[in-house]
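Reader: I'd like to learn how to read the features of a structure like this one. Could you walk me through it, one feature at a time?

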Amino acid sequence: MDWLNAIRLIPRHRVLVEHEPETDRYARARQKLQYIIKVGQLVGTKSTSKTVRELAVWAPSNSRGRSGYYACIRVFHKDEEVLYAILYCFYDGTDGSPSVTSVSSARFIARSEGFFEENENAPPD
């Protein structure tokens, strides 16, 4: 299943940013959310339950910054129909977060966080 494309097709109000406590970085994540969803590249995926899939996504910077945007998105679904999604991790090279300057760097981080590439033999759901 193309989970990233599925998120692109659901209404915007069903894609959220969540972080406690709220920080300036996650306020920026909220501002960049639609851009990340629109142009982001899937760099990893993992299943956490029968109804939750997590995606690692990277998008190049759309500002003058050197760092791109690395995000982890939790997708809640039923029978592979996306119900809603929550961005819960966001790195943009600020506030102590890593600077992720390329898709290969993003893949490395995703793998270190337990994500698999779509074509790999990931553990079964």
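Author: Let's begin in the strands: A56 has C72 of strand 4 as its bridge partner. Before going on, note that this is a predicted model, where local features need pLDDT of at least 70 and side-chain atom pairs count only at pLDDT 80 or more, while totals for chains, interfaces and linings use all residues. Residues are numbered from 1 along each chain as its sequence is written, and side-chain values use heavy atoms, with hydrogens and water left out.

Reader: How many bridges join strand 3 to strand 4, and how do the two run?

Author: First, the terms: helices (H or I, at least four residues) and strands (E, at least two) are DSSP runs, numbered from the N terminus. Two strands pair if DSSP finds at least two bridges between them. Here eight bridges join strand 3 to strand 4, and the two run antiparallel. Strand 3 (residues 52–59) also pairs with strand 2 (residues 41–49), through seven antiparallel bridges. L42, for example, has V57 as its bridge partner in strand 3, and a hairpin of two residues joins strand 2 to strand 3.

Reader: And which way does strand 5 run against strand 1 and against strand 4?

Author: Strand 1 (residues 15–17) and strand 5 (residues 81–91) run parallel, joined by three bridges. V17 is paired with L87 of strand 5. Strand 4 (residues 69–78), by contrast, is antiparallel to strand 5, with nine bridges, and V75 has A85 as its partner there. Strand 4 and strand 5 form a hairpin with two residues between them, and D79 in that turn has a positive phi of about 50°.

Reader: How many residues of strand 3 are buried?

Author: Buried means under 20% relative accessible area, exposed means over 50%, and partly exposed is in between (1.4 Å probe, protein chains only). In strand 3, eight of its eight residues are buried. V52, E54, A56 and W58 point one way, R53, L55, V57 and A59 point the other way, and all are buried.

Reader: Now the charges. How many salt bridges does the structure hold?

Author: As a general idea, side chains of opposite charge can pair when their charged atoms come close. A salt bridge is counted when a side-chain nitrogen of Lys or Arg is within 4 Å of a carboxyl oxygen of Asp or Glu. The structure holds six. One of them joins R30 and E22, with the closest N and O atoms 3.1 Å apart; R30 is partly exposed at 40%, and E22 is partly exposed at 42%. Another joins E54 and K46 at 4.0 Å, N to O. E54 is buried at 6%, whereas K46 is partly exposed at 21%.

Reader: Which parts does the salt bridge between R107 and E117 tie together?

Author: The side chains of R107 and E117 meet at 3.8 Å, N to O. R107 lies in helix 3 and E117 in the segment after helix 3, so the pair ties together parts that are ten residues apart in sequence.

Reader: What about R25: where is it, and what is the nearest side chain of opposite charge?

Author: R25 sits in helix 2 (residues 24–39). Lys and Arg count as positive and Asp and Glu as negative, while His and the chain ends are not counted. R25 is buried yet has no salt bridge, and the nearest side chain of opposite charge is D95, 4.5 Å away. A polar atom of the R25 side chain does lie 2.6 Å from the backbone oxygen of F90.

Reader: And where does D92 sit, and which residues does D92 touch?

Author: D92 is in the loop between strand 5 and helix 3 (103–112), and is buried at 10% relative accessible area. Contact means heavy atoms within 4.5 Å. Leaving out residues up to four places away in sequence, D92 touches R25, R28, S67, G68, Y69, S97 and P98. R28, D92 and D95 are linked in a network of salt bridges.

Technical notes: A polar contact is a pair of N or O atoms within 3.5 Å; within protein, one must be able to donate a hydrogen and the other to accept it, and residues adjacent in sequence count only if both atoms are side-chain atoms.
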